[in-house]
Amino acid sequence: MFTETEISKRKRQTENVMRIFFLVMTSLMILPLLLIIGYLLYKALPVLSLEFLFTNPKDNMRAGGLWAPFLGTIYLVVVSLFVSAPIGIFAAVYLNEYARESWFTRITNLAVVNLAGVPSIVHALFGVGAFVLFAGLGESILAASLTLAIMTLPVIIASTTEALKAVPMSFREACWNLGATRWQTIRRIVIPNSISGILTGVILQVSRAAGETAPIMFTGAVFYKNITEGNLFAYNITEQCMALSLHLFTISTQVPDVTEGIPYGTAVVLVGSVLLVNAASIVLRVYLRTRKKW
Amino acid sequence: MNILRKKSAANLPFSETAIELFIRLCGISSIIFVFGIFFFVFREGAGFLFNGLDLGQFLTSVEWQPTSLNNKRYGAFALIVGTFSVTILAMCIAVPFGLGAAIFVSEFCSPKLRETFKIIIELLAAIPSVVWGFIGLTLMNQLIIAVFNAPIGLTMLNGSIMLALMSVPIIVSIAEDALKAVPDSYREAAEALGATRWQVVYRVLLPAAKNGLLAAVLLGAARSIGETMAVLMATGHSVNIPSGPLSWIRTLTATIAAELGEVARGDEHYQVLFIIGILLFTITFVVNLIADLVIKGIRQDS
């Protein structure tokens with residue numbers, strides 16, 4: 001039979017070495033994720049409880065829980081969602097269903113890419129200049145949410161575009177042939193067939209908005225605000241609020257003698273909610289792919 | 001048929017045009033926002049930029065003394081150097097790992113393992129920057145002190161490692177797209193000549209996908225340049241020209257984040273922070289533009 005020549009042996013060896021080398025490279029990136037989550041959980045274990053989530057920070061933020069910042073983050077995310085979801089979805093509809101191949105479309109796409117690339121702190125400056133000062137909203141939940149909404153718009157546009165692209169052209173053509181107008185086709189055929197993909201993008205926007213710190217620092221989030229525990233409507237959107245991300249920054253850098261474990265607990269709650277929301281979007285996506293009929 | 005036509009004809013004039021107008025408006029919203037960002041940041045900083053700021057001093061002096069009473073200096077050179085040095089070091093760490101992982105995921109992996117890796121990379125990308133900063137402040141700080149026997153672990157190296165971990169997911173996903181975009185016929189041709197997987201990657205795919213890989217690196221770098229919270233918390237935050245990976249630095253982004261809360265509106269110092277914002281906007285805009293042109297370049301070739 002064939003005996004291995006010197007060359008093919010060397011080829012096989014390099015092949016194996018390279019395969020293992022790249023496997024190690026990939027694994028080395030995954031290791032930090034596990035390591036970080038494990039480390040945070042281990043350090044946070046003494047403080048983690050339901051009570052931690054439902055009590056306000058106490059004693060100049062050296063003790064207590066996370067109620068005020070947690071509720072603040074929910075407010076910021078929900079209000080920003082109301083702005084960015086419609087604009088983002090319709091922007092993607094425009095780019096995918098209306099826009100023709102032209103230099104203008106190219107520029108629009110380039111603007112989406114560049115909007116995604118603008119540093120978060122520049123978004124903060126924009127928020128201060130446009131919403132806090134020019135529009136006269138002052139430092140408020142509204143101003144911070146609008147800043148977040150514009151910052152996370154590209155997330156929704158990108159994933160909605162993907163969802164719309166997945167709807168086969170023949171669906172649209174069949175609908176047009178029945179005499180439907182463009183908008184009727186979009187409303188009755190394109191959007192219902194891609195709604196779950198669009199939803200994935202909206203969920204991703206939520207997770208992105210929840211984690212941001214820089215854009216809300218000067219537009220509406222404050223270091224400390226006392227609100228009623230357990231009241232879901234404790235914030236007014238024209239006032240400032242606390243936020244989980246900013247709270248983590250504050251208690252880990254600005255406040256001395258914080259009870260050991262509280263910053264870790266805050267980080268766990270923040271990472272936990274963001275990853276949970278992300279995982280939901282991934283599960284939805286994987287489920288949809290298995291269910292797709294065309 | 002008749003009924004449908006009547007209905008749609010009756011509906012068309014107003015509701016259809018109105019909704020189309022709205023969709024078109026949303027469509028160009030990104031353009032409006034990009035211009036809006038530039039306009040409003042520029043508006044706040046313009047007064048001092050054209051009238052008073054010594055631009056030469058701003059770009060070349062290392063003296064950043066905005067709060068000094070009798071000797072105010074706005075030299076951002078150390079901040080610019082800080083931003084670029086932390087980014088370059090981060091890229092030195094992230095690029096080999098990112099490209100290696102992209103090659104593994106796209107060429108050496110079974111489909112099932114690929115899905116798993118991609119999900120994990122996506123989760124890695126989802127961790128908020130303030131949490132990376134917190135990790136830098138606690139875990140990485142102690143690690144650097146222990147490993148390098150340094151007096152303090154909040155250094156450029158610390159920030160670079162955090163930035164590397166944050167930008168790796170972007171590099172992986174764009175590099176993987178670039179590798180996928182290489183037609184399968186290239187791979188088949190090389191394999192038919194007896195090439196092993198590694199030979200295909202090294203001799204065929206890397207040259208064919210080099211533009212996309214370059215774009216991946218550029219976008220990773222743009223992300224690092226714009227990152228704020230992680231570098232604010234992990235790099236020691238002191239104005240300094242770094243002499244090595246273990247020196248303290250301060251970046252452009254971190255300066256804005258740390259000082260904007262303490263200045264009065266309309267103040268020179270306040271306006272200088274907005275001018276730094278213009279500088280950051282311009283840098284990332286140019287890098288993103290180059291990356292886009294590079295990507296468009298490959299599309300036209302293939």
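pLDDT is the predictor's confidence in each residue, from 0 to 100. Keep that in mind for these legends, since what you're looking at is a predicted model.

View 1. Over residues 1–9 of chain B, pLDDT stays under 50. For that stretch the model has 6 contacts beyond four places in sequence. Chain B as a whole has a mean pLDDT of 88, with 94% of its residues at 70 or more.

**View 2. The fold of chain B.** Here you've got 13 helices and 2 strands. The radius of gyration of chain B comes out at 24 Å, while the globule rule gives 19 Å for 302 residues; that's well over the rule, so chain B is more spread out than a compact globule. Its C-alpha trace spans about 80 × 65 × 35 Å along the principal axes.

**View 3. Inside chain B.** Buried residues make up 46% of the 302 in chain B. Take the contacts in chain B with a separation of 6 or more: 72% of them come from residues 24 or more positions apart.

**View 4. Where chain A meets chain B.** Each side has its share in this contact: 70 residues from chain A and 70 residues from chain B. On the side of chain A that touches chain B, helix 1 (residues 6–44) gives the most, with 16 residues. By type, the residues on that side of chain A split into 49 nonpolar, 17 polar and 4 charged. As for the predictor's scores, the complex gets an ipTM of 0.90 and a pTM of 0.90.

Methods
Residues numbered from 1 in each chain as written. Chains lettered and ligands numbered in written order. Predicted model: local features only at pLDDT ≥ 70, side-chain atom pairs only at ≥ 80, totals over all residues. Contact = placed C-beta atoms within 7 Å. Helix = DSSP H or I, 4+ residues; strand = E, 2+ residues; numbered from the N terminus. Nonpolar A, V, L, I, M, F, W, Y, C, P; charged D, E, K, R; others polar. Rg over C-alpha atoms; globule rule 2.2 N^0.38 Å. Buried ≥ 20, exposed ≤ 12 C-beta atoms within 10 Å, placed from the backbone.
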